[in-house]
Amino acid sequence: MIRDLLIRAYPRSWRNQFGPELAGILAKRKMTPVLVADVLASAILQHLRHDPWKIWALGSAVWTFSLLILASQGTIGRSAFLWCYFAGQLLLFAAGAWTGLRNDSGIWNALSASAKAALVPVAGCIAVSSLAIVQYYGGSPGLHGHGVTYWIGKNVVVTTFASLLFGLAGASFGRVVNRFRRTLRARA
Amino acid sequence: MARKSASGPATDSELLILSSLAGGPKHGYAVMQDVAIFAGVNLGPGTLYTAITRLMDQQCIEPLQASGRQRPYRITPAGLDYLRAQLEAMRRLARHGLRRLRTV
């Protein structure tokens with residue numbers, strides 16, 4: 001049972017290649033906390049190696065949720081929160097650029113990596129900011145003539161669009177740098 | 001993670017695996033047992049396969065035809081060069097360190 005779960009902790013492509021061998025070794029070994037920790041650490045490394053966008057997803061999720069917690073406790077002000085949120089978007093730019101640089105197979109791959117990296121924090125941000133809209137303005141008769149649903153919808157569209165835009169910009173930047181490097185190499 | 005059960009010269013799992021495969025092709029479990037014998041290091045299965053994956057990416061080792069669940073690995077010429085260079089560097093370090101120790 002635990003052995004199966006440990007094997008399942010690895011990415012599917014890795015499992016297809018090495019799963020049976022690892023299962024054979026685990027069947028011969030006694031399950032200890034050290035062994036479980038060793039295999040789990042290896043599984044995490046393989047996830048990061050196979051899908052590097054997960055590093056960015058993890059980083060941007062930690063960043064965004066830390067901000068949201070600090071903002072909800074009043075530790076940081078509204079303008080500081082907005083600036084930090086903008087810095088988070090730069091993180092997505094970096095995710096796109098990094099993937100564009102690493103993976104020369106196409107801009108859509110880089111954009112897709114950036115979008116995946118953005119998925120968790122953007123969803124969290126949308127949920128929490130929508131909650132804030134309902135909490136603060138739910139009782140108001142109207143916000144500039146619009147209802148809460150309108151503002152939540154706008155929040156969803158703007159946050160998603162901004163994240164994709166930063167990701168696309170990063171991916172394009174990575175591609176341009178790659179092309180420049182190729183040109184330099186060709187000249188050398 | 002590589003746990004040292006006795007004080008060995010190195011705990012770098014990649015070097016240990018390459019050193020083991022330098023003696024001939026082996027499958028994962030046989031590498032673990034071999035490393036435990038010649039280096040006194042107990043490689044965990046996770047550490048072993050993380051290193052095997054990395055060594056395959058670097059084309060230092062290659063898989064052979066699987067027999068059942070077990071698949072043997074063989075060191076490549078690139079792997080031999082890498083191992084030789086690393087061991088030479090360790091020998092230089094050891095010689096240098098021992099020479100300095102004599103003067104203490």
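Helices (H or I, at least four residues) and strands (E, at least two) are DSSP runs, numbered from the N terminus. The model is predicted, so local features need pLDDT of at least 70 and side-chain atom pairs count only at pLDDT 80 or more, while totals for chains, interfaces and linings use all residues. Residues are numbered from 1 along each chain as its sequence is written, and chains are lettered from A in the order in which they are written.

B:Q59 is not a glycine, yet its phi is positive. Its place is the loop between α3 and β3 (61–63) of chain B. Is B:Q59 buried or exposed? B:Q59 is exposed, because 12 other C-beta atoms lie within 10 Å. (Buried means 20 or more other C-beta atoms within 10 Å, exposed 12 or fewer, partly exposed in between, with C-beta atoms placed from the backbone.)

Now to the helix itself. α3(B) has 13 residues and spans 18 Å from first C-alpha to last, close to the expected 18 Å, which is 1.5 Å times one less than its number of residues. Its buried residues include B:L48, B:I52 and B:L55.

Chain B also meets chain A: 13 residues of chain B contact 17 residues of chain A (C-beta atoms, placed from the backbone, within 7 Å). On that side of chain B, α3(B) gives the largest share, six residues.

| Class on the side of chain B touching chain A | Residues |
|---|---|
| Nonpolar (Ala, Val, Leu, Ile, Met, Phe, Trp, Tyr, Cys, Pro) | four residues |
| Polar (the others, Gly among them) | seven residues |
| Charged (Asp, Glu, Lys, Arg) | two residues |

Definitions and conventions. Two residues are in contact if their C-beta atoms, placed from the backbone, lie within 7 Å.
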